[in-house]
Amino acid sequence: MTKGFARHHGRVKVTTRGLNRALLDRQLLLRRHYIGVPAALERLAGMQAQEPLAPYIGLWSRVAEFDAAELSRMTEEREAVRGTLMRCTVHLTTADDFLMFRPALQSVMERGFSAAPFSIEGVPVDELLQAGRELVEAEPRTNAELSRALSVRWPHADPASLAYAVRYMVPLVQLPPRGLWPARKGAARVAVTTLEKWLERPLNPDLDAMLLCYLGAFGPATAADIAAWSGLAGVREIVERLRPQLRTFTDDRGRELLDVEDGRLPDEDLPAPPRFLPPFDNVLVAHKDRSRVIPDEYRDRVVRDLGTPMVLIDGFVRATWKIVDGEVQVAPFAPLSDEDAEAVHEEGERLAAFATGAPAVAHP
């Protein structure tokens, strides 16, 4: 049996390090893969994209010979889509996955708006959403533009609340030049239209398939992990429906872990080279229990500052990084061994070359 996965009272028990290597393998972080960008996005179950250029760094760390121009082309040609998905945060996915994920997460969006500090009291919700849909389909609009247009019809309502109700509850996408590499003129302008208008295709909700995608990308995982990733309520009921398609394990604390039948489970002793992650990378936020990638002694500082780019060393978060004057500067949480320091330095030089457009350097 693969090291890190051992039988205990008839059930397979998985160590934290075993979960780490499974996560890194499925997230393409144990080695760079010769894989197309669309296939990578689908395998990763999408990528966090609050920072518009973060997916480029994330894919560079995962895909051999990654060409940023390919992702920009996909964005412009509507093969890749940016918009609000899991946990009401901005993600980048393939068009197919966005059409499947977004309607499956409608309850998350509605609950997210209800929890936000907005009020549309006295405004008929159905009329508001239809009006918002018509406005952004007639012409892509920013939040400010949408607020002003909706205020004409409901002048006594809070303009920001009107716009955010539409932003939360209507399936919208952010249009290029937002999210193109390198940053283009006008990229700071976040203009949106409806998903259906942009792709000229109908929504294709499939909640079960979406959660199987999650387990394939991040499993084995608990029901609580699935809920933390998606923002969905009632996950345990969905799990019971999916159970015939799943296999189960137990973690170090005796909790049930769920997984797809064909999920890879590599040996926990496999080496994990240093990897530079962009802000909010999914490996850091896709589980309720993040100990499989964030050491307990660093949990508070990492979770408190997820918008800071992190470095994985031996598979776990052990440093932050930033680019200053074209050079990558790394700040370890504790002194590194000479071997780790050299490996991190070399990977940082490769990242600096990518980020600044310098000639490519060979990747391990």
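**Exercise 1.** At what angle do helix α11 and helix α12 pack, and how far apart are their axes?

*Solution.* Keep in mind that you're working with a predicted model.
- Step 1: Find the helices: α11 covers residues 207-218 and α12 covers residues 223-230.
- Step 2: Take the geometry. The angle is about 105°, and the axes lie 11 Å apart.
- Step 3: Values from 65 to 115 degrees count as roughly perpendicular, so that's the label for α11 and α12.
- Step 4: See who touches whom. Met210, Leu211, Tyr214, Leu215 and Phe218 of α11 meet Asp225, Ile226 and Trp229 of α12.
- Step 5: Sort the contact by class: seven nonpolar residues, no polar ones and one charged.

**Exercise 2.** Work out which residues of helix α13 are buried, and where they sit around the axis.

*Solution.* 
- Step 1: In α13 (residues 235-242), Val235, Ile238, Val239 and Leu242 are buried.
- Step 2: These residues span an arc of only 105° around the axis, so they share one side of α13.
- Step 3: Here's the rule behind it: an α-helix has 3.6 residues a turn, so residues three or four places apart point the same way.
- Step 4: Look for the packing partners of the buried residues: α11, α12, β8 and β9.

**Exercise 3.** Find the residue that caps the N-terminal end of α4, then check what follows the helix.

*Solution.* 
- Step 1: The cap is Asp67, with a side-chain oxygen 3.0 Å from the backbone nitrogen of Ala69.
- Step 2: Just after α4, Arg78 has a positive phi of about 70°.

Key. Residues are numbered from 1 along each chain as its sequence is written. This is a predicted model: local features need pLDDT of at least 70, side-chain atom pairs count only at pLDDT 80 or more; totals for chains, interfaces and linings use all residues. Side-chain values use heavy atoms; hydrogens and water are left out. A polar contact is a pair of N or O atoms within 3.5 Å; within protein, one must be able to donate a hydrogen and the other to accept it, and residues adjacent in sequence count only if both atoms are side-chain atoms. Helices (H or I, at least four residues) and strands (E, at least two) are DSSP runs, numbered from the N terminus. Axes are lines fitted to C-alpha atoms, for helices over the stretch in contact, and angles run from 0 to 180 degrees between N-to-C directions. Angles under 35 degrees count as roughly parallel, over 145 as roughly antiparallel, 65 to 115 as roughly perpendicular and the rest as oblique. Contact means heavy atoms within 4.5 Å. Ala, Val, Leu, Ile, Met, Phe, Trp, Tyr, Cys and Pro count as nonpolar, Asp, Glu, Lys and Arg as charged, and the others, Gly among them, as polar. Buried means under 20% relative accessible area, exposed over 50%, partly exposed in between (1.4 Å probe, protein chains only). The arc is that of the directions from the helix axis to the C-beta atoms.
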